[in-house]
Amino acid sequence: MTGDRRGSQLLGLGHFQPERIMTNEELSLLVDTNDEWITSRTGIRTRHIASETDTVTSMAIEAGRMALADAGVAATDVDLVIVTSVTSHDRSPSSAGRVAVGLGMAGPGIFDLSAACPGFEYALGVADMAIRAGSATTALVIGSEKLSEFTDYTDRSTCILTADGAGAFVLGATDRPTVGPTVWGSVPHLLDGVRIDGAPGEPRYFAQEGRSVFRWAITEAAGHAERAVTAAGLTLADIEILVSHQANLRIIEPLAEALHLTDKIVITDIVESGNTSAASVPLGLSKAWHRGDIPADAPALLFGFGGGFAYAGLVVHTPARA
Ligand SMILES: CC(C)(COP(=O)(O)OP(=O)(O)OC[C@H]1O[C@@H](n2cnc3c(N)ncnc32)[C@H](O)[C@@H]1OP(=O)(O)O)[C@@H](O)C(=O)NCCC(=O)NCCS
C-alpha cells in the first residue's frame, strides 16, 4: 500500500430485483387490506418478491456483477467484499465469501455485516475506512435482502411493507476522497422497535412498533442526516440527491422537507420496490443512475435507519463519469 491514498470514491453501481412483482391488489386477496390504505399510509404500489432460486447470495452476485461492469473494474482487482443483510441463509461461509467465489475473485478480504436497515451505510463506512487505512484498494459493498422469507403473510401490518432485492457499490482508492465520513449512532429506547421475532426452531418474522419508529423518523432523522453533511465539509445547499431508507413515502417526503431538499432529486423507489431493508438505498440509487436520472459527480446524501435501533448517514458523490 502506498501512503498517499487519502480516501475513497464511488466507481460504479449495480442492482438486482427478482422478476415477480406483487401488487397491492394481490395482497388484498391474502389479508384484510386494500390499495387505498397501502398507498395512502406508505406510498407502496408494488414490490418484487424472490423466487425459490433467488437467494441473498444470488441477488448479491447479480448486483455486484452489474456494479463492477459499471465501474469498469475486473473482479480480480477487488480486494475487499462486504455483504450486509439480516436475511442471509447461512452463518458460514459468509455471503461475501460466496459472492467473491461466484464472481471469480482472487481471494479478497470477505465478511458480512449485520446492522439491519442502515447496514449498507455502516458497510460503506467500514469499506471507506479500510481504504483510508490502506487495508484495501478496491471494495465491493452489497446490501441484499430476502425479506419475503421473514414475512408473515397473515399479518396485514407488515406483509404490505417488505420486499426483496439487492444493491451494490464499487469503491476505489483516491487522493481526492468523495465518500464519507460516516456518521452513525443508535437509539436505546427503540432497541426492539424493528426486529425479527421468533423462538429458535420456530418461524421468524419481521415485526416493528410502527408508530414509535415513524415518530422518531419524522422528528429526529433530519438532524442526524444533517450531521453527515457537515462531517463531509458541505452544507445542505450542496446536496443534489437524497437517498434515505425506503421505509415509507410518508417519512421520505417530510425528511426531504426538513432538510430543504424538496427541489433536489429525492429517491422514492419505495413506490415500486417496497422496503428492502439494507438493500433499499443502493437499490434506489442504482436504478436512478442506470436510468440516467441522476448526474455524474453529484453529492448524494445517504441515510439509513431501522432495526437495532441503528442509523447511519454519509455523503457520497456519484461516479465521476456519466
Ligand atoms: C407501518 C406504518 C405504515 C403503519 O401506519 P400507521 O398509520 O402507523 O398505522 P397503525 O399501525 O397505527 O394502524 C392504524 C390502523 O390501520 C389498521 N391497519 C394496519 N395495517 C393495515 C393494512 N395493511 N390495511 C388496512 N388497515 C391496516 C390497523 O389495524 C389500525 O386499525 P385500528 O385503528 O382499527 O386499530 C407506519 O407506522 C410506519 O411506516 N412506521 C415506520 C416504519 C419504519 O420506518 N420502519 C423502519 C425500519 S424498516
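# Reading strands, rings and charges

User: Which residue in S7 stands opposite Lys 146?

Analyst: Lys 146 faces Asp 164 in S7. This is a predicted model, in which local features need pLDDT of at least 70 and side-chain atom pairs count only at pLDDT 80 or more, while totals for chains, interfaces and linings use all residues. Residues are numbered from 1 along each chain as its sequence is written, and side-chain values use heavy atoms, with hydrogens and water left out.

User: How many bridges join strand S6 to strand S7?

Analyst: Strands (E, at least two residues) and helices (H or I, at least four) are DSSP runs numbered from the N terminus, and two strands pair if DSSP finds at least two bridges between them. Here nine bridges join S6 (residues 138-146) to S7 (residues 164-174), and the two strands run antiparallel.

User: In what order do the strands of the open sheet lie?

Analyst: The order of the five strands is S1-S7-S6-S4-S5, with mixed pairing. S1 (7-16) and S5 (109-113) are the edge strands, each pairing on one side only. On average, neighbouring strands of this sheet are turned by 15° against each other, direction ignored. Such angles run from 0 to 180 degrees between N-to-C directions, with axes fitted to C-alpha atoms, for helices over the stretch in contact.

User: Which strands does helix H5 lie across?

Analyst: Contact means heavy atoms within 4.5 Å. Helix H5 (residues 119-133) lies across S1, S4 (80-84), S5, S6 and S7, and runs at about 20° to S7.

User: What makes an aromatic pair, and how many does a search of the whole structure find?

Analyst: Rings of Phe, Tyr and Trp (its six-membered ring) pair if their centres lie within 6.5 Å; planes under 30 degrees apart count as stacked, over 60 as edge-to-face and the rest as tilted. The search finds seven aromatic pairs. In one of them, Phe 120 and Phe 169 have ring centres 4.9 Å apart and planes at 85°, so the pair is edge-to-face. It links distant parts of the chain, Phe 120 in helix H5 and Phe 169 in strand S7, 49 residues apart.

User: Is Phe 120 buried or exposed?

Analyst: Buried means under 20% relative accessible area, exposed over 50%, and partly exposed in between (1.4 Å probe, protein chains only). Phe 120 is buried at 0%, and Phe 169 is buried at 0%. Trp 216 and Phe 305 form a tilted pair, 5.9 Å centre to centre with 50° between the planes. That pair links helix H7 (residues 210-219), which holds Trp 216, with strand S13 (residues 299-306), which holds Phe 305, 89 residues apart. Both of these residues are buried. One aromatic cluster is formed by Trp 216, Phe 303, Phe 305, Phe 309 and Tyr 311.

User: How many salt bridges does the search find?

Analyst: Side chains of opposite charge can pair when their charged atoms come close. A salt bridge is a side-chain nitrogen of Lys or Arg within 4 Å of a carboxyl oxygen of Asp or Glu. The whole structure has eleven. Among them, Glu 26 meets Arg 20 at 2.4 Å, N to O. Glu 26 is partly exposed at 29%, as is Arg 20 at 40%.

User: Is the salt-bridge partner Asp 269 buried or exposed?

Analyst: Asp 269 and Lys 287 form a salt bridge at 2.7 Å, N to O. Asp 269 lies in the loop between strand S12 (265-266) and helix H10 (270-273), and Lys 287 in helix H11 (residues 280-291), 18 residues apart. Both Asp 269 and Lys 287 are buried. Elsewhere, salt bridges that share partners join Arg 195, Asp 197 and Glu 209 into one network.
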